[in-house]
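Subject: The structure, and what was found in it

Dear colleague,

Here is the structure I promised to hand over, and I would be glad if you kept it open beside this message while you read. The notes after it go through it topic by topic.

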Amino acid sequence: ADHMGLTYYARGRNLIVDAGHYGYADTPYRLYLLSPEAASDLVMPGVPFNTAAATALIRQSIGGTGQFFEFYDTAFGGLPRYRSVYIDQDPDLILVFDRASGAAGYQQLWHLDLGLNVTSVTSDYAIAQAPGTQLEIRQVSLPGQVIPAGSTQVIRGQTGPYQGWVSHASSQMLPAPVIAMNRTGSSAAVLTLIAPTSPGAAVTAAVTGQSGGRYQLSVQIAGRRLSFLVGTDGDIQAG
């Protein structure tokens with residue numbers, strides 16, 4: 001039922017995970033684990049979710065060091081939802097461009113592995129640490145966007161409703177951090193950089209221009225500069 005859920009393994013460890021499996025007892029916690037809120041995806045709080053709705057892979061492109069995939073569904077109340085994902089392997093990073101419309105609010109969720117400890121949170125990014133690894137998840141403002149103060153938060157071990165848990169075995173519930181990035185309005189376009197690095201590495205990302213239906217995205221990771229073209233239609237390319 002995760003549909004567009006994303007998991008990520010890099011630097012020799014799990015970073016972004018699924019909430020797991022608890023068992024088959026018919027409980028509110030199991031319903032949470034079966035819900036999209038237990039996956040790392042874009043959800044529409046308060047909008048009914050149809051688990052039987054199909055998710056389509058509508059575009060893909062495989063390169064030497066990067067791969068691009070784009071998905072589409074109407075699982076939330078028949079409303080359109082798109083997710084574009086670009087995975088780079090030199091250096092390790094993921095770009096996620098979520099677009100959706102028709103709801104009153106949107107929440108991008110990132111379930112972190114138990115071994116990660118969130119050490120810094122601002123309105124537009126969160127940083128988590130583990131031995132030998134730093135993970136930064138950063139929202140990138142598009143032209144005309146202002147990311148509201150307090151829109152990024154950490155949820156851990158919440159029970160009303162359930163959020164911020166991982167189950168690695170039957171009947172096991174372990175509190176784990178979830179990064180929630182919130183948007184309000186009739187539509188949302190959320191561009192996110194996920195960057196695993198060595199501890200203390202500096203990460204920046206900014207849209208520096210727009211032309212012909214494309215945003216020019218500049219990323220710097222540990223002193224290395226990269227450039228990407230992000231289409232308003234969801235296409236993502238290095239360049």
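The helices and strands named below are DSSP runs, numbered from the N terminus, and a run counts as a strand when it has at least two residues. Please also keep in mind that this is a predicted model.

The enclosed space

Rolling a probe the size of a water molecule over the atoms shows where empty space is left. The count comes to 1 cavity of 30 Å³ or more, and about 30 Å³ of space lies in this largest cavity. Which elements give two or more residues to its lining? They are strand S10 (125–130) and strand S11 (133–140), and the largest share, 3 residues, comes from S10. The residues that line the largest cavity are Leu112, Val118, Ala126, Ile127, Ala128, Leu135, Ile137 and Ile179. Sorted by class, this lining has 8 nonpolar residues, with no polar and no charged ones.

The open pockets

The largest pocket holds about 220 Å³ of space, and among the residues lining that pocket are Tyr32, Glu37, Val43, Gln107, Pro161 and Tyr162. Its lining is made up of 6 nonpolar, 4 polar and 1 charged residues. In the second largest pocket there is about 160 Å³ of space, and of the 12 residues that line it, Asp18, Gly20, Leu33, Leu34 and Ser35 lie nearest its centre. The classes in this second lining are 5 nonpolar, 4 polar and 3 charged.

Is valine 43 buried or exposed? Its relative accessible area is 1%, and because buried means under 20%, valine 43 counts as buried. If its neighbours within four places in sequence are left aside, valine 43 is in contact with Pro36, Glu37, Phe76, Gly105, Tyr106, Gln107 and Leu109. Valine 43 and asparagine 182 are 139 residues apart in sequence, while the distance between them in space is 9.8 Å, taken from C-alpha to C-alpha.

Points to check along the backbone

One runs from aspartate 90 to proline 91, with omega near 0 degrees, and proline 91 sits in the loop between strand S6 (81–89) and strand S7 (92–101). Another cis bond runs from glycine 160 to proline 161, again with omega near 0 degrees, and proline 161 is placed in the loop between strand S13 (158–159) and strand S14 (162–163).

At 56% relative accessibility, serine 171 counts as exposed.

Charged pairs

Side chains of opposite charge can pair when their charged atoms come close. The count here comes to 10 salt bridges. In one of them, the side chains of arginine 81 and aspartate 41 meet at 3.9 Å, N to O, and this pair links distant parts of the chain, with arginine 81 in strand S6 and aspartate 41 in the loop between helix H1 (28–34) and S3, 40 residues apart. Arginine 81 is buried at 1% relative accessibility, and aspartate 41 is buried at 0%.

Aspartate 233 and arginine 59 form another salt bridge, at 3.6 Å from N to O. Aspartate 233 lies in the loop between strand S21 (224–231) and strand S22 (236–238) and arginine 59 in strand S4 (residues 56–62), so this pair ties together parts that are 174 residues apart in sequence. Aspartate 233, at 46%, is partly exposed, and arginine 59, at 28%, is partly exposed. Both residues belong to a network of salt bridges that links Arg59, Glu70, Arg99 and Asp233.

With best wishes

Methods: Residues numbered from 1 in each chain as written. Predicted model: local features only at pLDDT ≥ 70, side-chain atom pairs only at ≥ 80, totals over all residues. Heavy atoms only, no water. Buried < 20%, exposed > 50% of the residue type's maximum accessible area, 1.4 Å probe, protein only. Contact = heavy atoms within 4.5 Å. 1 Å grid on protein atoms, 1.4 Å probe; cavity = no way out; pocket = protein on both sides within 12 Å on 5 of 7 lines; lining within 4 Å. Points joined across faces, edges and corners; volume = space filled by probe spheres on them. Nonpolar A, V, L, I, M, F, W, Y, C, P; charged D, E, K, R; others polar. Helix = DSSP H or I, 4+ residues; strand = E, 2+ residues; numbered from the N terminus. Salt bridge = Lys/Arg side-chain N within 4 Å of Asp/Glu carboxyl O.
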